[in-house]
Amino acid sequence: MADGMTERAAPVILPPPLRPGDTVRFVSPASTPDRANIDKRAAILESWGLKVSFGDHVFDQHAYMAGTDAQRLADINAAYRDPHVRAIIATRGGAGSYRIAPYLDFDAVRADPKMLTGFSDITCLHAMLWRECRIVGVHGKLMGDFADRIYPENEAAFRAALMTDAGMDLWAEPAEITASLTTSGQAEGVLLGGHLKLIAAMAGWGLPSFRDAIVLFEAVNMSLEDVDRTLLSLIKGGHLDGVRGFAIAQFTGFKSHGSFTVMDLLREYLEPLGVPILGGLALGHGANPRSVFLGTRAQLDADAGRLSVFREAV
Amino acid sequence: MAMPVIVPPPVKPGDTVRFVSPASTPDRGMVERRVAVLEEWGLNVQLGEHVFAKHGFLAGSDQQRLADINAAFRDPMVRAVLATRGGKGSYRIAPDLDFDAVRGDPKPLVGFSDITALHMCMFKMGRIAGVHGALFADADDRLSLETTLSHKNALMGLDPLRIDTDPDEASSALTTAGWAEGVLLGGNLTMIGAMAGWGLPDLRGAILLLEAVNMELGQVDRTLTMLTKGGHLDGIAGVAIGQFVGFKPNGPITVIDLLREYLEPMGVPILGGLPLGHGGAPHSVYLGTRAVLDADAGVLTSTREAMI
């Protein structure tokens with residue numbers, strides 16, 4: 001596949017920010033969300049002046065997915081095709097978006113660009129949308145803590161990503177365990193990536209080229225050997241060739257094996273690639289995560305401990 | 001195009017074999033009991049230097065585990081190299097095996113589970129056949145007669161290995177119909193997923209062996225999506241499904257449903273229910289040699305014959 005050429009040739013699609021009065025649509029491309037959880041998020045979006053609509057199958061249940069593949073696909077494609085819908089909000093990740101990722105209506109996406117927001121399993125859709133359409137999306141959501149308290153920083157970051165024309169600056173947080181991975185130096189490139197497990201699941205068929213990109217990794221509840229196999233396979237398969245820098249975010253729910261931790265694995269595989277690494281970013285499944293664009297220009301400064309993501313194409 | 005496949009000769013009484021630990025650290029008592037079985041067969045049994053070493057979840061550092069297995073490949077006295085166990089970590093050293101040493105002095109590598117990574121690289125990079133199996137016991141470390149006999153035949157025999165489907169295995173529900181012939185390749189599904197795109201041999205024309213243990217359904221789903229969408233299973237001649245152990249259903253969906261969903265559309269014969277893997281009384285088979293899959297009769301026949 002000559003995707004290297006076509007990817008470079010196509011212009012980046014950067015949908016405009018939402019304005020009060022715009023309609024957004026919740027869809028569930030992966031697993032079924034809790035209804036109260038979504039009602040709460042809908043109320044927040046309405047408090048920002050947005051109108052909230054729901055896909056037909058948002059709360060459906062089919063094993064670990066929110067409806068059959070056909071139902072989940074119909075919901076997200078209907079959202080892309082509906083001219084009233086100005087952004088598509090994934091209710092949650094979970095599992096299953098990789099099953100429908102190649103069947104999104106890419107023509108509809110190109111014809112009427114609107115951002116998809118979500119992360120975790122939704123990484124699959126972001127990867128495929130960038131690969132096929134070069135459209136910018138938002139890695140993030142209104143993410144509560146264990147008691148579903150949504151913190152002001154999380155809410156403000158998601159709102160800014162959706163509704164302002166500003167980019168975002170993220171500062172490494174020393175309390176995040178991945179902060180210890182930070183090396184030094186600066187890098188600039190398009191920000192791509194997301195959940196490590198889903199990046200591996202898309203490798204070889206649904207992953208865009210990461211050449212010249214800054215690659216974001218976050219992960220939750222993977223076993224150490226799964227991380228080991230995933231990083232080995234991404235590197236041996238050439239999928240990280242030409243990456244300009246790594247933005248390492250929250251790694252949540254990992255158990256150490258004796259004194260051996262997931263940080264040791266990340267360091268072992270990423271440091272030899274010889275590009276700047278910035279850890280400690282508050283993105284992912286941890287406390288109070290922020291939101292960033294995927295597919296826009298980003299500057300990673302490992303010395304200053306800052307990731308700047310601009311609302312502009314590379 | 002390719003080098004001819006090398007099928008190492010069987011081991012004879014009086015030969016020396018060596019246990020190595022390319023993945024995780026085994027229990028010492030377990031290994032000692034396996035050694036006793038092999039000695040009963042008239043074999044001299046050696047242990048690699050780092051067989052019981054411990055380094056995180058690995059039996060020693062990558063250098064130590066690699067040194068042990070390559071020393072076994074290079075030692076002319078050693079006539080078979082047996083993995084003490086799987087676990088995790090053999091994928092880390094798989095591409096660095098001394099394939100030339102084994103081609104120069106062919107001896108089988110024996111193991112399964114995580115060792116699938118080594119088998120795949122041995123065939124892809126060295127064109128060397130091996131043995132999928134182990135003296136794999138139950139939770140109380142009782143070895144079944146079937147496992148013991150089958151393993152002995154795979155190591156020391158010349159006759160084809162006949163594996164009959166077991167209707168009590170969950171994967172027997174996957175059996176379709178028809179007949180296929182090809183090189184038997186594959187093994188543990190997790191490892192096949194981990195090797196795809198760099199360490200997996202070309203599976204066109206092959207009979208694909210799949211077994212798995214303790215995967216989440218989502219992980220099976222993602223792995224099968226990646227393997228099929230990535231074209232890694234294109235052109236396979238048939239599928240031999242071994243034991244799928246430790247799986248929990250999710251609502252109405254079981255791992256068998258997922259396997260059927262991905263494998264049936266490939267339109268090749270599928271034979272499930274094979275006692276190969278982490279379940280009860282698993283057998284041993286050759287990897288990298290000619291096999292015949294008869295879904296109608298419920299039999300997989302694994303020969304010692306090279307196909308290419």
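In chain B, A291(B) stands opposite S302(B) of strand β13(B), strands being DSSP runs of E with at least two residues, just as helices are runs of H or I with at least four, and both are numbered from the N terminus. The model is predicted: local features require a pLDDT of at least 70 and side-chain atom pairs a pLDDT of 80 or more, whereas totals for chains, interfaces and linings use all residues. Side-chain values rest on heavy atoms, without hydrogens and water, residues are numbered from 1 along each chain as its sequence is written, and chains are lettered from A and ligands numbered from 1 in the order written.

Chain B has an average pLDDT (the predictor's confidence in each residue, from 0 to 100) of 97, and 99% of its residues score at least 70. For the complex, the predictor gives an ipTM of 0.93 and a pTM of 0.95.

Strand β12 (residues 290-294) of chain B runs antiparallel to β13(B), joined by four bridges; pairing requires that DSSP find at least two bridges between two strands. Four residues separate the strands of this hairpin, in which G298(B) adopts a positive phi near 75°. Strand β13 (residues 299-302) of chain B is also joined by four bridges to the antiparallel strand β6 (residues 161-164) of chain B, where R162(B) stands opposite T301(B).

In chain A, seven strands form an open sheet of mixed pairing in the order β6-β13-β12-β7-β8-β9-β10. Its edge strands, β6 (168-171) and β10 (277-278) of chain A, each pair on one side only. Four bridges connect β6(A) with the antiparallel strand β13 (residues 306-309) of chain A, and L170(A) has L307(A) as its bridge partner in β13(A).
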